[in-house]
Amino acid sequence: MAIRPEKDQYYLNIAKVVSTRSTCLKVLMGAIIVKEDQIIATGYVGSPRHTKSSIEHNVCLRQHLNIPSGTQYELCRSVHAEQNAIINAARAGVSLLGGDMFIYGENRKTGEVVNAVPCFICKKMMINAGLNRIICSFNDPEEYYRVYYITDWVTDWKTHDIIEDKIKYGQ
């Protein structure tokens with residue numbers, strides 16, 4: 001008999017399926033937002049609606065320009081999975097207050113799970129959206145996923161200037 005997965009693992013598995021729609025040439029990323037045990041939005045990394053993706057262009061502009069990973073996101077034609085999930089909820093008129101976001105990522109070429117920790121911009125959006133927890137895939141045999149609480153980010157950013165620390169420590 002199959003073992004029934006715990007809820008966080010169950011929802012992260014669904015985010016993994018959502019990630020298969022990704023159009024990024026580097027990673028597959030999927031996000032779902034769950035509120036009161038119901039999926040209310042999904043998103044994957046991909047180009048804006050009705051525009052050509054990196055797959056269709058057959059080139060990643062950031063890689064072509066040798067831009068280091070994690071920098072200059074404005075030069076990427078894709079929208080992050082987390083952002084797309086928040087946008088899709090807004091398009092449907094669904095409140096995210098008190099919801100949890102599950103983010104799954106893997107390397108497109110190797111299939112290796114990646115640490116799907118949100119970027120600085122996505123963290124700010126998650127805080128303002130009123131989410132509660134962020135559950136991210138993690139590449140660690142002891143820890144398949146990691147849970148972050150929005151209140152911890154807010155508390156940390158109240159005591160440390162978020163811009164100064166980012167510049168000073170590259171966070």
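Reader: How much space lies in the largest pocket?

Author: Rolling a probe the size of a water molecule over the atoms shows where empty space is left. Here, about 580 Å³ of space lies in the largest pocket. A pocket is an open set of points on a 1 Å grid over the protein atoms alone, where a 1.4 Å probe fits, with protein on both sides within 12 Å along at least five of seven lines. The model is predicted, and local features need pLDDT of at least 70, side-chain atom pairs count only at pLDDT 80 or more, and totals for chains, interfaces and linings use all residues. Residues are numbered from 1 along each chain as its sequence is written, and side-chain values use heavy atoms, with hydrogens and water left out.

Reader: Which residues lie nearest the centre of the largest pocket?

Author: V27, S69, G70, Y73 and H80 do, among 22 lining residues (those with an atom within 4 Å of a point).

Reader: How are helices α5 and α6 packed?

Author: Two packed helices are described by the angle between their axes and the distance between the axes. Helix α5 (residues 120-129) meets helix α6 (residues 150-159) at about 110°, with the axes 10 Å apart. That makes α5 roughly perpendicular to α6 (65 to 115 degrees). In contact (heavy atoms within 4.5 Å) are residues including F120 and M126 of α5 with W153 and W157 of α6.

Reader: How many aromatic pairs does the structure hold?

Author: There are 4 aromatic pairs, defined by ring centres within 6.5 Å. In one of them, F120 and W157 lie 5.7 Å centre to centre, tilted with 55° between the planes (under 30 degrees is stacked, over 60 edge-to-face and the rest tilted).

How values were computed. Axes fitted to C-alpha atoms, helices over the stretch in contact; angles between N-to-C directions. Helix = DSSP H or I, 4+ residues; strand = E, 2+ residues; numbered from the N terminus. Parallel < 35°, antiparallel > 145°, perpendicular 65-115°, else oblique. Points joined across faces, edges and corners; volume = space filled by probe spheres on them. Phe/Tyr/Trp six-rings, centres within 6.5 Å; stacked < 30°, edge-to-face > 60°.
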